[in-house]
Structure formats: structure tokens, C-alpha cells
Amino acid sequence: MQDKRQIKKFPPITPKVPHIIHGGDYNPDQWLSMPEILQEDVRLMKLAGINSASVAIFAWKALEPEEGIYHFEWLDQTLDRLHQNGISVILATPSGARPAWMDHKYPEVLRVNADRTKNLHGERHNHCYTSPYYRKKVFEMNRLLAERYHNHPAVTMWHLSNEYGGECHCEHCQQAFREWLKVKYDNDIQKLNHEWWTYFWSHSYSNFDEIESPSPLGEQNTHGLNLDWMRFVTYQTTEFMKNEIAAVKQVDPSLPVVTNLMGTYPGLDPWKMVDVLDVVSWDNYPEWHNLDKPETVASSVSFVHDLNRSLKKKPFMMMESTPSIVNWKPINKLKRPGMHILSSIQAIAHGSDTVQYFQWRKGRGASEKFHGAVVDHCGHEHTRVFKEVAQLGKILKQLDGIVGTTVKPQAAIIYDWENKWAIDDLKGWSTSDKNYEETCKQHYHAFWKRGIPTDVINMDCDFKEYQMISAPMLYLLKPTVADRLKAFVKQGGTLILTYCTGHVNQNDLCFLGGFPGDGLQELTGIWAEEMDTLYPTETRKFHYQNNSLTLTGAATAHTFCELIHPKEHCEVLAVYDEDFYQDMPVITKNLYGNGNCYYLAARTDFETLNAFYGKLIEQANLEVPSKQILPTGVTIQQRYGDGENYWFVLNFTNAEQTITLNEQNTYFDIISNQKTSATITLHSYGFAILKTESVSSLTFIKK
């Protein structure tokens, strides 16, 4: 494992702001008739410790009220005003929502749905990514903005559109899809027919012109078609984004570009998009204060933070969050006092170098008028939310040393978009309880509880840098994945696989010769014969035999019970107690080269899974930051760089918690600006940010 003293800091996200960026969506175009409010905004931003504003995200109508007629004066004044008050600007391209004149005059820009109905003007993200006119118009607008503002001293980077998403089924997109397929399948329709297994129901194609995108009115049961369509949607969205980027980069290649991703949004594969972006960002809106599962929510959010950090293996941006409530969930609950600050520090702990909001000021009308904001409709600073944002602003000013530091992970979870698409499309087992994302998050949770830094990667990533990899429900295997997993274990790694592994290839064709396929039976030491899907009220008991992990006792399986056969030399750790598969293996361990591959043949509750990972972590000798078992709802995360080591101790419960860190280290509390002991007491929704005096003296607890 890399010596943390050798980890170098990354440069700041923008050299113009060498601090934690604190700001968010600012919409002066909504307030042009009230200039007194625009002046007041600056005063309030300074009170709140805001150092950045994201401007013009949905401002196309204000910028171009009629085709070819441009009004930039208000934006000139906005940028000048912010700069004069020490506030930098992330300038947006306005492609996320179009003015009505464009939709009326050029209806080709409107999306066509899967049922082939055409959208009317309205909403947002309602555009065709393939439309020649819209691509041309977006390029022209972006170019105008770049030429006018790239040298403005306030402008630090480009915010591309907003939350790219959705798909279009118009004829432009149909033809682009066919051309994409021709490239993928070497212009060979018979090759496509084989890979999609179109012999089923006599659905083979004679030529590419016969192919249409999936539709509830037509073909939607050819899984290869569905999978390739999702890949194409990501490809075409990325091509649209590249067109946006070209317009601004041709003017000034030095300004970074970013777009706000949406966590685990299933419609686009971010791994196929990040190479054209300079920075990764995401929009973070969890359901805090669901009191029956505060730790689960906190761990789930951490999973997505780690995913976004893993996309480029460097600091990312939390582009949106709310300081109070959202307006679009079934229940929109206020953040309790302290939770906004804690959840913001959580993002920084996992690698974000920004805390940003939607939105700065609540609008007066339309659907987001009651969405949370720093400035409420009352318009002043004397609110609970504003005061907490201002308190956070003061804290963030103390964290300059953290900017550019990163995480050195020991473990990784494989969470793969193409695998998710295939699992979600799978007809069989269970239609409602496949829960791929939730399962990956549950496996991740076991590392989170112990403060073990963990990447969230896809199956195309390099496995070499990790000591332990967990790949739950790796149903789809792309080429080379099985061989790379075998190489990882052979060289000493620990791999955890589960039920539902290795059933189909990259085009959703079942492997022949038994599951898991593509050579994974050699690695796992098992053959999976059948899957028993249980009704929601059913469970199956199992127990541990004498085993090398020293796990003991009984446990319970639910939802999925896979029936597996161990091969020679494969150790059986646990067996079923019930049903016709009594005494068949539930958990196995297979020595492969210098490492071990574990196989979990059934879905269990988290307590069972957590105990299992606890033993694995001990045997693999992973580093943990505390001797004690951390209290429920408490975690520890760390960031490193240039010989510095920062510890974030986070309490996601509404009760006071006490945690003892490694007592061999000397800790410095960043917030209080003084030395502190290794025993930390955190109040409700409290946190501590500590720095060890010297990384060279850092001693972890070896489990």
C-alpha cells in the first residue's frame, strides 16, 4: 500500500479560488425588475461566507429573448458586481431549458418519447441531443458566452447545462442509433442478430434500417437491444456535451468544465462521460432524519460521494445540496439544527472541495418556490437556516489546508451501470426485489462502519491498487473482467462475490457451461446450479461450520438462495439448515494463488454481512482508525496530501457520542485551533476535524 507521506495534493479545482468553494445556484435573471434585491444579495452573500456563485444556469430567455437578439448587459453587471465584492463565478451554459420561441419555430428540438409522442414546450431537459439545429444553436450561444466572458476576472470555470438526462426517440436519434450499431457490430447485421439473440420470437433483422429503439408500442423484450440503447443514450448525451465543451474550449482551453451528475441516476453511465470533463460534481439530496435508519442514510450518501471521487481519483464538487428542505419528495422534512453543517462536512471528508446549494434565494413562483434556499422569502439574514449557513461559511474558511488532499482507499466496491441495466431488465427470479444498488450499498456499509477508505468503481477500473474488492451481484461480465479478477486474487487480493454472478456476457447472452461463467468457476471454486427466490415473508436458516474465519452461530437468508456445489479444495464456511437444499453451501472460500475468493450464495441481513466483513478485514489486515467498535451512526474518514493527514469524525445521530482514536498520535483540532486528546466527544449531529502533527508518526490499528 502506498505510503501516505508520498501522496501529493492536487491543485485547487480552480486556481482562482484556492479555498473550499462555498456557494451555489444564483438566478439574478429572475430578479431583474427588482435591482434592490440584487444589491442585497451581495451583502447577504458576504455575511454567509459565500465565495462563489453559479450563474445563468437556466437563463437562455434572458440572454436571447428573440432569435438573434442578445441581452448580455444584465450578466455583465452581475459578474462585475460579484467580482467587486470578492465572489467568484461559475458561469453556466443555458442548454438545460429553452425559450418558447425556439420550440415554436424549430420543433425538431423537442423530444420524442418511447411511445413516439412528441413533447410540447415546457419543463426542462426536454430537448433532442441529436437535433442538428439545437446542437448548432447551443454551440453558437456557448461560443458567444466564452468570447465575452472568458477573460472576466470573476469567471473561474464553466457549468455545462444542468443535470443531463433523459432520452429522445425521434427519427434523428433513430438514425444515429443505427449508425452507432453499425460501428459496434462491424456493419454486420448477422453479428448483431447473434449478439442480441433475435432468433427468439423470429425477431431477426435483415438490415440495420429495420431497427427501432425500444418502445412499449414495439420491441422491448430483446435484452441486447435494450442494453445497447442505454449505451447509445450515454454516448449521444456525451457527444452533445462534447459539442458544448468545444464551443468554450476553442476560445479558452484553460477554464475547467464541469457538469452536475445525479448520484446513481440510472439513465446515464458517468464512467463514459468523465473523460471529457475536467472536474466531477454531483447533486446531493438525501432523506435525512428518517429516524429508523440514520446510519443507513449516512452510509448511502457516503457511497455516492466515494463514487464521485473514484470517477477521476481526485477531489470532486458537491454542486448542489439544500441548506434546509427540498420540494419534490413524498415527505419534505426540515434538516434538524446541525445537520446541514454535518452533511456538508461529510462531503468534504469523502473528497469534495466544495459545498454548493440549490438555491441561493427562493423564487416567488412556479414549482421550486418552496425548495430550500439560503435566503428565504422574508429576504433577511435573521433565519435559522441562514445563520447555520453563515456558521458553516466561517468553518470552511479554516479548511484551506484540506484543499487538494485526497483519499487512499484500501478497498473497493464494484458498482457498474451496465450491470445494473442488465439486472433491472432481467426477467426472472424477482421483479421487485433485485435491489442491485441497495445490495452494493449494504456491502459498502461494512467498510464505512469501520472507517476504511473505499472506492466505488466499475468493472473496467484497475483492480491492482486495492487489498480487498467486493463485487455483489456481478451478473454481467464484460470481456477481460474475469481474467483481471483472477489476476487480482492470484496476486494476493481478497475478493467477495455473491449470488447472481457471471450469468451473461457484455451483450446479455447467457454463458454456456454453467454459472458463474467466463472462467469464474475456477476462481470461486463453485458451480451455481439454481436460484430459489423466496416470497417476501419467507426466510431460510443457515449455520457456520468449523471454518478458517472463525465465524460461529446461525443466521438467516432471505430473497435469494442460490444452490451451489463446491469443487475440490473449496472450503465451505456455512450451510443451509432448511428445505431440499439443506446442507448445501451458503458461504465458501477458495484459495487462488496468493489470495482468497469468497462466495456468498444467499442474501442476508446487514448484521450477518457486517460480521462476515469484520472477520475478512481482520484476516486481510486492513487499517482501521480506532480500536473501539464505532457507535452506531458514527464514522471516521481521512484525507491525505503533502505529508498532512486530516481526520473527520462524524456523528449522524441525535445523541452525544464518544470515540477514542489511536492514542499513539497527537491530534490538532482544526476548528478550535488547539491540541486535543484522542478521545473525542461529539454532540448531536456533531463532528470534529483533526490533523495529526506528522504523518510519519501516524500509526494505524491493524486488525
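1. For the helix packing described below, axes are lines fitted to C-alpha atoms, for helices over the stretch in contact, and angles run from 0 to 180 degrees between N-to-C directions. Helices (H or I, at least four residues) and strands (E, at least two) are DSSP runs, numbered from the N terminus. Helix α13 (residues 436-448) packs against helix α16 (residues 606-620) with the axes 9 Å apart and an angle of about 50°. The two helices α13 and α16 are therefore oblique to each other, given that angles under 35 degrees count as roughly parallel, over 145 as roughly antiparallel, 65 to 115 as roughly perpendicular and the rest as oblique.

2. This is a predicted model, in which local features need pLDDT of at least 70 and side-chain atom pairs count only at pLDDT 80 or more, while totals for chains, interfaces and linings use all residues. Residues are numbered from 1 along each chain as its sequence is written, and side-chain values use heavy atoms, with hydrogens and water left out.

3. The average pLDDT (the predictor's confidence in each residue, from 0 to 100) is 95 for the protein, and 97% of the residues score at least 70. Residues 694-703 have a pLDDT below 50, although this stretch has 36 contacts in the model beyond near neighbours in sequence, a contact meaning heavy atoms within 4.5 Å. Where pLDDT is low, the predicted coordinates should not be read in detail.

4. Returning to α13 and α16, their contact brings Q442, H443, H445, A446 and F447 of α13 against F606, L609, N610, Y613 and I617 of α16. By class, the residues of this contact are six nonpolar, four polar and no charged, where Ala, Val, Leu, Ile, Met, Phe, Trp, Tyr, Cys and Pro count as nonpolar, Asp, Glu, Lys and Arg as charged, and the others, Gly among them, as polar.

5. How do α6 and α8 cross? The axes of helix α6 (residues 171-184) and helix α8 (residues 223-249) come within 10 Å and cross at roughly 105°, and the helices are therefore roughly perpendicular to each other. The contact includes F177, W180 and K184 of α6 together with D228, W229 and R231 of α8, and its residues divide into nine nonpolar, one polar and three charged.

6. Four bridges join β9 to strand β1 (residues 21-26), and G24 stands opposite Y357 of β9.

7. Another open sheet has three strands, ordered β6-β7-β8 and paired in parallel, with β6 (260-261) and β8 (317-320) at its edges. Two bridges join β6 to β7 (residues 281-283), and L261 stands opposite W282 in β7. Helix α9 (residues 294-312) lies across β6, β7 and β8, running at about 155° to β7.

8. Most residues other than glycine have a negative phi, and most peptide bonds are trans, and a few places in the model deserve a look on that account. The bond from F358 to Q359 is cis, with omega near 20°, and Q359 sits in the loop between β9 and α11 (384-396). That loop between β9 and α11 also holds A366, whose phi is positive at about 75° although A366 is not a glycine. The peptide bond from F515 to P516 is likewise cis, with omega near -10°.

Key: Pairing = 2+ DSSP bridges.
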